[in-house]
Amino acid sequence: MTSSISSSRSRNPSSGLRSTPDRFANSPSFSSYSAPLVSRKPDSGRNPLTVVARFISGAFIACFAPPETAEWNNFKVSNEFGAPSVASETSRTTSGRQGRNRGIYSNSTKERGPGNMNFTMDEILKATMNFNTAFKVGQGGFGTVYKGKLDDGILVAIKRAKMGVYDKHLGVEFQSEVTTLAQVEHLNLVKFYGYLEHGDERILVMEYVPNGTLREHLDGVNGKELDFAARLDIAIDVAHAITYLHMYTDHPIIHRDIKSSNILLTERLRAKVADFGFARLAADTDSGATHVSTQVKGTAGYLDPEYLKTYHLTEKSDVYSFGVLLVELVTGRRPIESKRELKERITPRWAMKKFTDGDAISALDPRLEPTAVTNLALEKILELALQCLAPRRQSRTSMRRCGEVLWSIRKDYREQSVLDFRSLSSTSQRSASVKEQ
Ligand SMILES: Nc1ncnc2c1ncn2[C@@H]1O[C@H](COP(=O)(O)OP(=O)(O)OP(=O)(O)O)[C@@H](O)[C@H]1O
């Protein structure tokens, strides 16, 4: 229903993804990146991620009217499916038991790594205590998300599709495609463990990330707070994850829905990018082809204006969304703040104006301390955001470059903070000794 047809599907039949060498994940420096070994899946003649995207995008729904008919900043995420009631969940579970069990299998069930988990419905029911609402951690376009504990103690997030969000015809062919998706592995990407089709049930199992979403932290929900250094770390983590998708998988992958509610945080406030709901193989750089969708997908406020105009999708659409995310990180504001006065409603526009007027500091999240060191880093981040948010995609920087720039901003920020701290403590020591005299 929300599936996008890519005109380049036939042009991009390559289906394999590189398995991620561990040394590669969360590499401290992009300059140390080297191309990992390629292990290609045999050419299946079709693009598996397109199928995955069709399935999941049918699930993680955010469809927008064509740009001619809708103002981009007024887009609303349309969720066509109501949440199932507890009663209907129970009846689905019962009927599901009579259905067929399918999942992702590895030859060895002992070897539990991403993508090779072999799940049964009983296992899922046990892990979630029959989808007990006490284990519910969230609700999205796809359905309900539960926290679960597998027999071997591994914590997982279990996404249970709402009835009807999937395209039944895609069910059978979906498994092998999901296996491919599961091979995408990076420390800053939420690991995809497996998928289970069981009667009417469609269940995705992934790494459980325990500390909520970036948006919740920026909103200060449940006392969650993020200082400037943590925000900078998060920006770097996200840049690493997206660079990996763009550059180090067998074929570039465009995330398509980078936003603060798709960034999950660990206890140590490291970021993991979630939701490949809209993921799609990127342009074939050799042929210069780009993807042309029949529908624009993504989230209001994060959408590349050029993609909105042309329906052409490239990695630079992710760069644009990342620019919005950078602005969100330093201002704390949502991309669209509809209750504010007109000139402040579109946060990136407002923040960029402040920056170009030489008044970046007044765009800083009021919860952050406006020190000289923070102000310097803020200006550099907004300068990078400006490059990401360029209206024309040719003028935008790359995700790799974003990572490099942020890395150097963090280096300077840390060094300056240490110097600041030292001079502060020596000043206070001096004033203490003056008092003693
Ligand atoms: N892997 C995970 N670990 C921990 N919590 C998760 C995980 N995935 C999702 N959640 C929680 O479940 C909520 C819903 O997630 P989900 O991805 O289904 O929807 P969404 O991204 O919020 O919305 P949409 O599907 O419309 O994009 C998230 O906001 C988060 O709180």
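Student: How many disulfides does a search of the whole structure find?
Tutor: The search finds zero disulfides, where a disulfide is a pair of cysteine sulfur atoms within 2.5 Å. Before going on: this is a predicted model, in which local features need pLDDT of at least 70 and side-chain atom pairs count only at pLDDT 80 or more, while totals for chains, interfaces and linings use all residues. Residues are numbered from 1 along each chain as its sequence is written, and side-chain values use heavy atoms, with hydrogens and water left out.

Student: Are Cys388 and Cys402 buried or exposed?
Tutor: Cys388 is buried, with a relative accessible area of 0%. Cys402 is also buried, at 0%. Buried means under 20% relative accessible area, exposed over 50%, and partly exposed in between, using a 1.4 Å probe and protein chains only.

Student: Now the ligand. Which residues are closest to the ligand?
Tutor: The closest are Gly141, Lys159, Glu207, Val209 and Asp275, out of 19 residues that surround the ligand. A residue counts as near if one of its heavy atoms lies within 4 Å.

Student: How much of the ligand's area does the protein cover?
Tutor: The protein covers 87% of the 610 Å² of accessible area that the ligand has on its own. Such areas come from the Shrake-Rupley method with a 1.4 Å probe; for residues, only the protein chains shown count as cover.

Student: Which elements give two or more residues to the shell?
Tutor: Strand 3, strand 5 (155-161) and strand 7 (201-207) do. Strand 3 gives the most, with three residues. Helices (H or I, at least four residues) and strands (E, at least two) are DSSP runs, numbered from the N terminus.

Student: What does strand 3 pair with?
Tutor: Strand 3 (residues 136-139) pairs with strand 4 (residues 143-149) in the antiparallel sense, over three bridges. Two strands pair if DSSP finds at least two bridges between them. A hairpin of three residues joins strand 3 to strand 4, and Lys136 stands opposite Tyr146.

Student: Different topic. Where is Arg256?
Tutor: Arg256 is in the loop between strand 8 (253-254) and strand 9 (263-265). Arg256 is not a glycine, yet its phi is positive, about 80°. Most residues other than glycine have a negative phi.

Student: And what about phi of Tyr311?
Tutor: Phi of Tyr311 is near 70°, again a positive value in a residue other than glycine. Tyr311 is buried, with a relative accessible area of 14%.
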